[in-house]
Every structure is written in structure tokens, then in C-alpha cells.
Amino acid sequence: MAFDWLNKFHHDMEKGPDYAVKTLAAYRLGMKAKGSIVGVVVQPAPNCCDLARNLPAGKVYHPDHAPVLPLPNCPQGRRCGCVYRPAMTYQQAEEG
Amino acid sequence: MNSMAGVLLRVPLFKLYRQFDWPRMLPINLTLSPSPKCNSRCLTCNIWMKREDELTLDEWDKVLASLGRAPYYFTISGGEPLMYPHVVELTQLTYEHCRPGVITIPTNGILPTIPERVERIARSCPKSQVIINLSLDGVGEKHDFIRGVVGNFKKFEQRLEQLLSLRSRLSNLTVGIHSVVSVFSVGHLDEIIAYAHQSGADQFITEIAEPRVELDTVGLPITPSPEDYAKAIDRLIAYVESKRFTGLARITEAFRVEYYKLVKRILDEQDQVIACYAGWVSAHIYSDGTVWPCCVRADNLGNLRDHNYDFKEIWFGEKIKEVRRSIAAKECHCPLANASYTNMLHDIPTLARVGAKVLRPGNKRQQTAIADTPRPAPTAEMVAKK
């Protein structure tokens, strides 16, 4: 993948207090407006908590049902390195 | 200082600033994103999904007043900037406070109100060069597919015709075509070049699709492979070099070729090939008032609402220092066009190559590119025009 540094950088950014609300709202709108987004994936950080590690890998959630990041009791708080990623139709086509 | 000469005079000062944190300078290249709202549904961008607590015009007025005459180059970005209801007023405020040399506005060309808005902008900023770049990612249905809007290409052609007609009456208006080279379009770049060549537009520019925090595309596979990009871009370089340019266009095109070569190196080497001046010379103000060094990293340097709308408080504050350290330490690299052109202006070897190229007498016209480039299949509109 090109620009791996940015992926890592994004994981390392401090999250705003409304990170989950804003990101999931954006994806919800994207799905409603029939863009190429099909859902949201949680991408755990390499040093994530047990709760995050136990999330089903690569699962595509509807934004209404996605876990709220940072997960409850995450020891890193807003420094939690787990992120949401949009799941796009063309990725599914590639994987499928 | 809103002349190109003023910009060049500041180059050595910015080099000092980057190295020694002195003399303190405001950026010359600013991107404003008044709203993320967009009526495109591009495969390469997710910004249209966002909603923000946008700065009001009154707030923009204060921010722009705090910048004074320092910026030379403004980009009014989006979302779709010409859909933003106050885009004319925002541009007028920019002109009133900053008197920039250049104001660039990209557009998807969808809305029928675009020509009227562009005319009002160009007329109200008579001493600035206003550049409107229409997005084109394919010819015909390929464009519609990538942009996610049925009928977009037809509207693009209508808008291009209208803007070219406007250009003939407004001497400070430039109309360009802008193409994002992504995994979805890299295979038909030749076709886009051929289309742009016959379109009558003043310029054809491309930018590689790279992931950006701003666009919520981090981690998405939208960037072409270095090999695919190199193959496509070599054709584009051959095309640019096959054309004869005079005056300012000759300099612009020489920089453009340098940019394409720079992108190839960045993709190959995965490194900040030349020093990046984002955070010193260029900056981005997002719609909610957050200041970023660039839209790729989108580090939150502070929100203007928390700093009495004074850009200087953020630019000369403490928080930006760590970001500048990170950029100078090459902890990031990207081919973002907006920043890259500024960076090239501060890179002596690039300046020397551009200078040599521009000064070389009688650039021999090469006849290779366009002749070998497949012509696009004619659209109904093109046939009708003929």
C-alpha cells in the first residue's frame, strides 16, 4: 500500500471528543446518499486493548451498529490508536 | 507584495525560517475549505459525507483580515466550492483583505449556476488571476462512473463551453481542466489528454490520487502503482513538451513537468524527495476554523475560533512547532500538488532546471506525443459541435 506512513500517522493522531459520533454520522450519510461506501470497518491499533483485539477482524458494520471508539475503558483514552475506515464497494469487489 | 517578484524575494527568507525559525513569516499559499459539502460521489474522495460547524462569513472576514497582504496564492476548495452559497462573498473578502495574485477554484461543473458565480468572482477581483479548474477523470461514461454522478460529463462539457465563452470577455479568467490520476483513471489518461488538447481550455493539470486525512481516504487503494503512474505520466510529459509555450505559460509548464517527475520519484522512493514547506509557506484552513499545515496530514494546529480569529496566534504559537519538526524530519511524504509547487519554488536544483529550460533558446518542438495519443471517441456533443 502506498503511503503507509500516513496510515500509521492516522492511527497515532489524538482523537477529538466527537470522533466516533462525527465519523459514523458521515458514513451513515454516505450510505444514505448512495455513495460507494457500504459500511465501516474498525482497524485496531497494533498495541490495542484486549477488547479491541477480540473484535471480529475485517467485519463491515452498519454505522448504527459499529463499536464506539475509543472502546469503553480503553487505557489510552483519546490516544487510542484504533480507527474507523470506510468500506468501499470497490474493495469488496477486489476481495470477493 | 502580491506580485510573483514579491514571492520570489521571500524564498530565501522562508528557507531561513524553516531552518532557524526566523524571520517569522505568514504563508504565501493558503487553501480555504469553506464547506465539505459536495454533489459529487467520487470513488477517490469521501469528504462529501462530512458535515461541519462551518465558519460564517463574518468569521471568515476576521480571519482574512488577520492575514493581511501576505498570501499570494489562494485556493478555494471544498467539497464543491462553487456550491458553497457564499463563495462569491468569501472570494470578495479574500480579495479585499489580501489582494492575492492568484485565486484558484476547482469545480465539478455540475451546477448550472457556476458560470454566473464565476463571472461575479472574476469581475469583483479584477487584479487577481482567477483560475477555474474543471474536474475531468474520464471521457463520457468513464467520468460519470468515477465521479459517481450520471450525466456529469455532459454537464462538464456545457460548463466548459460556458466558461470559455466567459473567458473571452474577462481577461483575468483562466479556464483549466484538472484530472485526478487514480487506479480508476490511470488506464485512460491518454484519452483524457487527447480530450483536453482539443477542448480549448487554457491548461490541463493532473494530480495523483493520494490518501488524505481530509478526504477520509487513508488506507484506501486509490493510488496507482509507481509503474502504472510512470507509464501514464511519461506520455503526459511528452505531451507537455511537444507544445510550444510562451511567456508565463512557459515557466508554468516547466514547473508542471518538474512536478510530474517529482511525483514519480516520491512514489518510487517513498520519501520526501525535496524539502516540504507545508507549515511554513503553505497552510490550509478547514471549514470549522481548524488550521492545518496541509490536508494530507491534517494536524490540528488550533482552531481560529479559540484564537480570536487571529491566524498569527496559531501560526506563531507553540503547537505548530512539533508539527514543523516532524515535517522537517521527513516523517511524512506525499505528492500533494498544492504543496509540491510551493516546495519546488524553494528547491534550488528545481529552480535551476526550470530556469535552464525556460531560457534555452528555441525549444525544439517534439512531435511525438499527441500524434501517438489515441483520440477520444467523439461524444454526441462533440459531433453536434462539428
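At what angle do helix 8 (residues 226-242) of chain B and helix 9 (residues 248-269) of chain B pack? The model is predicted, with pLDDT of at least 70 needed for local features and 80 or more for side-chain atom pairs, while totals for chains, interfaces and linings use all residues. Residues are numbered from 1 along each chain as its sequence is written, and chains are lettered from A and ligands numbered from 1 in the order in which they are written.

**View 1. Helix 8 and helix 9 of chain B.** The two helices pack at about 170°, with axes 10 Å apart. Helices are DSSP runs (H or I, at least four residues) numbered from the N terminus; axes are lines fitted to C-alpha atoms over the stretch in contact, and angles run from 0 to 180 degrees between N-to-C directions. Helix 8 of chain B is therefore roughly antiparallel (over 145 degrees) to helix 9 of chain B. Residues in contact (C-beta atoms, placed from the backbone, within 7 Å) include Ile233(B) in helix 8 and Tyr260(B) in helix 9.

**View 2. Helix 4 and helix 6 of chain B.** The axes of helix 4 (residues 114-124) and helix 6 (residues 152-167) of chain B come within 10 Å and cross at roughly 25°. Helix 4 of chain B is therefore roughly parallel (under 35 degrees) to helix 6 of chain B. Among the residues making the contact are Val118(B) of helix 4 and Leu163(B) of helix 6.

**View 3. Chain B against chain A.** Here 21 residues of chain B are in contact with 20 residues of chain A.

Notes: Parallel < 35°, antiparallel > 145°, perpendicular 65-115°, else oblique. Contact = placed C-beta atoms within 7 Å.
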